[in-house]
Amino acid sequence: MMRISKDPAQRKQEIIETAMRLFYEKGYEKTSISDIAKEMQVAQGLFYRYFPSKEILFETAIEQYARKQVAQMTSILNTSHKTLLQIVEQMPTFIEAEQEDSYMKKIFHGAGSQEIHMRLSMSICSKMQPIVEQLLQDANERGETQISDPEAAASFCVYGQLGILLDQSIPREERVRRIKKFLTEVLRKFQK
């Protein structure tokens, strides 16, 4: 049998994708490292070359998915000619950015995945907080706002959304509308 050598980044991604599919199909607890290696038709040691444990693999998948979500949400920030209020009005939220269909999405947003979804949400928030803080500082420097503590305001704006975003009793569009309306009202109070 001829050994197939792949680029390490490609192999690592292949392991993540295979694992996430198996986690979805069999459940995280019922999927072993052996199952992942067998599905990929590779030696179990290959898995350990990239991930010291199943838990580290899962954390890596959460972080990867969180980075993807943040990239989608911040895509609007590449246009510097917009005011902070325009950015908020056009900014996609977590739930708007989660439109693709993948095993990761199914695991993070499926039935019974509240704990996993919360871990993902916290990872996204930790990545968004410094971005929002910089936006608030920039708005202050442009004379657009007077926010005395951009760090605290950014934390409140980012982490404060979770209560509404995670409330499945409120229709999706209503959650988005309420968050944007609230953030817009708050920002107007800090305008010069």
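**A guided reading of an all-helix model**

Ile 36 sits in helix α2, which spans residues 33-40; helices here are DSSP runs of H or I with at least four residues, strands are runs of E with at least two, and both are numbered from the N terminus. The model is a predicted one, in which local features need pLDDT of at least 70, side-chain atom pairs count only at pLDDT 80 or more, and totals for chains, interfaces and linings use all residues. Residues are numbered from 1 along each chain as its sequence is written, and side-chain values use heavy atoms, with hydrogens and water left out.

Ile 36 counts as buried because its relative accessibility is 0%; buried means under 20% relative accessible area, exposed means over 50%, and partly exposed lies in between, with a 1.4 Å probe and protein chains only. Leaving aside residues up to four places away in sequence, Ile 36 touches Ile 15, Thr 18, Ala 19, Leu 22, Phe 23, Thr 31, Phe 47 and Leu 57, where contact means heavy atoms within 4.5 Å. The C-alpha atoms of Ile 36 and Met 20 are 9.4 Å apart, and the two residues are 16 apart in sequence.

Helix α2 also holds Glu 39, which is partly exposed with a relative accessible area of 41%. Among residues beyond four places in sequence, Glu 39 touches Thr 18, Arg 21 and Leu 22.

The loop between α2 and α3 (44-50) contains Gln 41. Most residues other than glycine have a negative phi. Gln 41, although not a glycine, has a positive phi of about 60°. Gln 41 is exposed, with a relative accessible area of 74%.

Of its 192 residues, 40% count as buried. Among contacts with a separation of 6 or more, 67% join residues 24 or more positions apart. The chain exposes about 11,100 Å², of which carbon and sulfur atoms supply 53%; accessible areas come from the Shrake-Rupley method with a 1.4 Å probe, and for residues only the protein chains shown count as cover.

Two helix pairs involve α8. Helix α4 (residues 54-73) packs against helix α8 (residues 114-141) at an angle of about 50°, with axes 9 Å apart; axes are lines fitted to C-alpha atoms, for helices over the stretch in contact, and angles run from 0 to 180 degrees between N-to-C directions. This angle makes α4 oblique to α8, since angles under 35 degrees count as roughly parallel, over 145 as roughly antiparallel, 65 to 115 as roughly perpendicular and the rest as oblique. The residues that meet include Phe 58, Ile 62 and Val 70 in α4 and Leu 120, Ile 124 and Ile 131 in α8.

Helix α8 also packs with helix α9 (residues 150-159), at an angle of about 135° and with axes 8 Å apart. That angle makes α8 oblique to α9. Among the residues making this contact are Cys 125, Val 132 and Leu 136 of α8, and Ala 153, Cys 157 and Val 158 of α9. Cys 125 is buried at a relative accessible area of 0%, and Cys 157 is buried at 14%. A search of the whole structure finds zero disulfides, a disulfide being a pair of cysteine sulfur atoms within 2.5 Å.
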